[in-house]
Each structure stands twice: as structure tokens, then as C-alpha cells.
Amino acid sequence: MKKAVSFIMAMIFLFLFITPAFSVDEAEKPLVPFEDLQWIFKSTDENYHKPEEKTFPNPYDIYSPYYLGNERWLVFRENADGTKDPIMIDENNKEIPFIFQDGTEIYDDILSYVEKVSGISVHRFNDTYTRIDFNSTSTKSWHGIIDINGMVTFDFRVHRYSMTAGYNNEGLFSFYQRNHPYDTGFMDAFGNIIIKPLRYNSIGDFHESRAYVQTDEWKYGFIDKTGKVVIEPQYERVQDFSEGLAAVLHPEKGWQFIDRYGNTVIELGPDRYPDQFKEGRSFVQAPEDPGNLTIIDYKGNEIAKL
């Protein structure tokens with residue numbers, strides 16, 4: 001009973017005092033319908049320095065708008081024949097269609113290529129580029145890279161590469177060779193190969209110039225933006241780098257935080273599971289006792305116990 005009460009009090013404390021300090025994913029801001037069928041796009045992010053709300057006028061079908069970053073929103077334009085085309089609009093509601101470099105819109109070409117389109121997605125801009133996907137219920141999908149003007153900078157159809165599930169992190173996009181699905185490399189927004197395909201079980205996206213890799217022995221390490229191994233694969237689990245540190249699970253020492261060169265900064269042991277650092281704080285809990293939650297700083301000092 002005591003543990004249950006402690007856990008409930010911890011969750012209330014997190015909700016009231018801790019959670020608002022952290023950034024909310026802008027791609028999932030809530031939507032509120034107006035009586036005149038317009039929509040308001042409200043921000044819940046304290047670091048969102050743009051107007052608190054944005055009104056989308058008809059003729060847009062705004063059943064699924066997303067803020068993409070860089071003053072761009074994804075909306076769906078309803079055509080006269082009832083079909084819907086996804087387009088971007090800017091802060092002035094100016095339409096930004098998705099186009100190839102010859103100026104033609106992508107829909108007719110892509111829809112004749114992709115069989116049985118099941119969904120269209122545009123990912124959030126990390127800088128001025130992002131990926132766009134026409135997904136399919138068959139084996140034939142289409143992936144590309146666009147800039148903030150809707151221009152396709154790279155078309156995966158004309159190359160022997162396919163895009164991985166990764167996103168644009170720090171200007172790089174992960175890909176694999178179609179005949180070698182475990183050979184993953186990284187390219188820039190124009191298809192220039194920055195890191196040649198490497199043979200690993202899996203490769204993560206780059207965070208703070210480091211990406212995790214997993215070997216055939218199921219050990220994790222990290223590479224830099226040249227593809228060089230900078231932290232030898234030795235860990236059973238890892239998290240991405242955040243604020244200069246990454247949480248890793250050492251097979252003998254348990255959980256610890258390391259810096260970008262593999263030096264141990266904080267030792268936690270096998271019974272304390274950490275979260276990434278955000279604004280100088282990390283939540284640490286005991287897996288067998290979720291109510292036992294503490295907050296630590298960069299030196300591993302306990303700031304609060306919940």
C-alpha cells in the first residue's frame with residue numbers, strides 16, 4: 001500500500017512540477033475545431049517562440065495537420081474530384097507543393113509508380129531537409145528527400161538504395177543497399193555518400209555526432225560521422241547521446257553514463273535504470289520498484305527523490 005501511494009504521489013509531482021520543463025514534440029500538437037470548420041493549431045511547447053495558435057482556412061481538409069518545423073505545416077488539399085493531395089503551407093498560409101526539380105508536382109508520377117498507396121508521411125525538418133514517404137500495402141513504396149521549398153532533392157527510385165527507418169539527424173540520412181539489407185550507410189540530402197555502407201546488425205541515427213552500432217555478437221558501440229568506431233562495441237544496451245552523455249548497460253558494471261569518447265562519468269549499477277539527460281537532469285528508477293524514482297545531475301548527485 002505504501003509503495004502504491006508513493007508511486008501515485010511521484011506521478012502527481014511529475015505532472016505538476018517536472019513535465020512542463022521539457023520540450024513537447026511539435027509534430028503532435030493538439031488540434032481544436034472551430035464552429036466554422038476552421039482549425040486552431042495550438043502550441044504546448046514553452047520554447048515555441050511563434051504565435052500561440054495558427055488558423056487554417058478552408059479549402060484545406062485539416063483532419064491531420066502536423067507542424068514540420070521551419071514555419072511549415074503539412075495539410076491536405078481536397079481536389080474537385082474528391083481526392084486529397086498533401087501539401088505544405090507556410091506561416092502566411094501560402095501553398096508549397098511537393099515538386100521535382102523540373103517543376104512538376106510529384107503526385108501523378110509517384111502514384112503511377114507506387115501500387116496501393118496506404119499512406120503518405122512527411123517527417124519533421126531537422127534543419128532544412130526532411131524525408132517524404134509514399135507507403136504501400138504492396139512491396140513498391142517511394143521515398144525521397146525534400147527541402148523547405150517542397151523540392152525533391154533526392155529520389156530513391158533512381159538509385160540502388162532504400163531508406164531505413166531512420167530520420168534526418170544532423171544532416172544525414174541512413175540507407176541500405178537493396179541487395180545487402182544489413183549494409184547501412186549515410187548520405188546527405190542530395191544523395192552524396194558520406195559514410196559508405198557498413199556491416200552491422202543495426203545502426204542508429206546520429207545524435208551529437210555519434211550513432212550506435214550493433215555487432216553480430218549483439219554488442220553495442222558508437223561510430224562518428226566518418227564511420228570510424230570511437231567507442232568499442234561492448235555494451236548490452238545503449239541510449240542515444242544527449243547533453244554530452246549516453247546511458248549504456250555494461251555486462252558487468254550495470255548501467256552507467258559515458259561521454260562521447262567512452263569515458264565513464266556516472267556509475268549507477270545493475271539495479272538503476274536511467275533516462276536521457278534533459279536540461280541537466282536524468283530520471284533514474286529501479287525496474288523492480290517503479291515508485292522508487294530519483295533525479296540526478298551531471299555528476300550523479302541525487303537532486304530529488306520521488
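## A buried aspartate

Asp-297 is buried but forms no salt bridge; Arg-281, the nearest side chain of opposite charge, is 6.0 Å away. The model described here is predicted. Asp-297 is placed in the loop that connects strand S26 (289-296) and strand S27 (302-305).

The side chain of Asp-297 makes polar contacts with the backbone. It reaches the backbone nitrogen of Lys-299 at 2.9 Å, and one of its polar atoms lies 2.9 Å from the backbone nitrogen of Asn-301. Leaving out residues up to four places away in sequence, Asp-297 touches Ile-266, Phe-277, Gly-280, Arg-281 and Ile-303.

## Nonpolar cores

The largest nonpolar core comprises 22 residues, and those with the most contacts inside it are Phe-98, Ile-106, Ile-110, Val-122, Ile-132, Phe-134 and Trp-142. At least two residues of this core come from each of strand S4 (60-69), strand S5 (72-78), strand S6 (84-89), helix H2 (107-113), strand S9 (129-136) and strand S10 (142-147). A second, separate core has 10 residues, among them Leu-245, Leu-249, Ile-266 and Leu-268.

Within the largest core, Ile-106 is one of the residues with the most contacts. Apart from neighbours within four places in sequence, Ile-106 is in contact with Phe-98, Ile-99, Phe-100, Ile-132, Phe-134 and Val-152.

Strand S16 (residues 202-203) pairs with strand S17 (residues 211-214) in the antiparallel sense, over two bridges. Here Ile-203 has Val-213 of S17 as its bridge partner.

S17 also runs antiparallel to strand S18 (residues 220-223), joined by four bridges, and Tyr-212 stands opposite Phe-222 in S18. Five residues lie between the strands of the S17 and S18 hairpin, in which Trp-218 adopts a positive phi near 65°.

Conventions: Residues are numbered from 1 along each chain as its sequence is written. This is a predicted model: local features need pLDDT of at least 70, side-chain atom pairs count only at pLDDT 80 or more; totals for chains, interfaces and linings use all residues. Side-chain values use heavy atoms; hydrogens and water are left out. A nonpolar core is a set of buried Ala, Val, Leu, Ile, Met, Phe, Trp, Tyr and Cys residues joined through side-chain atoms within 4.5 Å. Buried means under 20% relative accessible area, exposed over 50%, partly exposed in between (1.4 Å probe, protein chains only). Contact means heavy atoms within 4.5 Å. Two strands pair if DSSP finds at least two bridges between them. Lys and Arg count as positive and Asp and Glu as negative; His and the chain ends are not counted. A salt bridge is a side-chain nitrogen of Lys or Arg within 4 Å of a carboxyl oxygen of Asp or Glu. A polar contact is a pair of N or O atoms within 3.5 Å; within protein, one must be able to donate a hydrogen and the other to accept it, and residues adjacent in sequence count only if both atoms are side-chain atoms.
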